[in-house]
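The sequence and structure are shown first.

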Amino acid sequence: MTCSDCRPISITPILARLLEKSIVKDYLYPTLVHPDHSHRFHDQFAFRPTGSTTAALIHLLHTLTELLQTNDYVHVIAFDFSKAFDRVRHYSLASKLANFPLPDHLYNWIVNNLSDRQHQTKLGGNVSPTLPINASIIQGSGLGPVECVFTASDIHPISPFNQFCKYTDDTYLLVPATNSFSIPSEIQHISDWATANNLKLNNSKSQEMIVHLPRSRKSFHNPTAIPGIERVDKMNILGITVSHTLTFHHHISALATKCAR
């Protein structure tokens with residue numbers, strides 16, 4: 001094990017977590033569904049009362065089947081952000097929270113909670129020096145997960161014909177065949193957003209899958225591949241393996257093999 005294998009997780013007091021969860025329930029969750037701001041979160045399915053991996057999968061598959069009614073194929077591009085939770089700048093998060101209708105005293109409390117934080121790591125019998133941290137979602141806290149949702153609230157597709165499906169840092173871009181030309185600009189837009197938010201878009205771990213209906217297999221021709229992004233015939237989407245023809249036989253086979261062992 002090396003230092004790069006270790007991930008800092010803050011151990012916060014139980015009373016502090018209870019207070020934070022109360023704030024999330026009474027103030028932050030209502031903001032997610034506020035009529036003036038709900039459009040910013042409609043494609044995010046993590047850490048919200050009505051969100052789950054199941055809801056995200058249903059939304060993604062429903063959107064794909066709708067697009068396939070009028071398109072020969074759909075690009076599904078899964079983006080990978082390197083160490084996303086560890087790189088979110090606290091001042092950037094505070095700036096985004098300022099755009100929402102939070103009471104002044106609550107906003108000031110959250111900013112104060114993010115300011116002048118320090119971290120110390122203990123591994124075995126070794127204890128690191130205490131160092132200041134000005135980035136990362138505070139894992140282990142009640143606020144941390146929802147703060148991640150607010151961090152990604154301002155990233156959306158450029159084209160209204162393309163759609164996102166987000167689950168924390170798992171981001172899927174759906175592009176219909178008629179809008180394939182927009183993919184380079186969408187990728188550049190996401191890359192620019194990541195850079196502005198101290199995140200790193202890892203193209204080497206990102207993947208693209210061309211989804212089409214089984215009946216169109218004989219007459220189907222794959223479009224040109226995206227430079228630098230691997231094209232696959234099956235993709236693990238939030239723990240479920242989905243094939244390029246929207247079947248689940250790979251996932252079922254893997255589960256059956258596990259059960260047999």
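## Helix 6

Helix 6 (residues 144-151) is mostly covered, with 7 of its 8 residues buried; buried means under 20% relative accessible area, exposed over 50% and partly exposed in between, for a 1.4 Å probe and protein chains only. The buried residues are Gly144, Val146, Glu147, Cys148, Val149, Phe150 and Thr151. They pack against helix 1 (14-32), helix 3 (84-87), helix 4 (90-97), helix 5 (104-114) and helix 7 (183-196), where contact means heavy atoms within 4.5 Å. Helices (H or I, at least four residues) and strands (E, at least two) are DSSP runs numbered from the N terminus.

## Basis of the model

The model is predicted: local features need pLDDT of at least 70 and side-chain atom pairs count only at pLDDT 80 or more, while totals for chains, interfaces and linings use all residues. Residues are numbered from 1 along each chain as its sequence is written, and side-chain values use heavy atoms, with hydrogens and water left out.

## Overall chain

The chain has 8 helices and 11 strands, and its C-alpha trace spans about 60 × 50 × 35 Å along the principal axes. Of its 261 residues, 44% count as buried. Among contacts between residues at least 6 apart in sequence, 69% join residues at least 24 apart.

## Nonpolar cores

A nonpolar core is a set of buried Ala, Val, Leu, Ile, Met, Phe, Trp, Tyr and Cys residues joined through side-chain atoms within 4.5 Å. The largest has 23 residues, of which Leu60, Leu64, Tyr172, Leu174, Met235, Ile237 and Leu238 touch the most other members. Two or more residues come from each of helix 2 (53-68), strand 1 (74-79), strand 6 (163-167), strand 7 (170-176), strand 8 (207-211) and strand 10 (234-237). Helix 2 gives the most, 6 residues.

Leaving aside neighbours within four places in sequence, Leu238 is in contact with Thr53, Ala56, Leu57, Tyr167, Asp170 and Tyr172. Another core, of 22 residues, lies apart from the largest one and includes Phe81, Ile137, Ile183 and Ile229.

## Positive phi angles

Asp116, in the loop between helix 5 and strand 2 (117-119), has a positive phi of about 55° although it is not a glycine. At 78% relative accessibility, Asp116 counts as exposed.

Thr168, in the loop between strand 6 and strand 7, is also a residue other than glycine with a positive phi, near 50°. Its relative accessibility is 11%, so Thr168 counts as buried.
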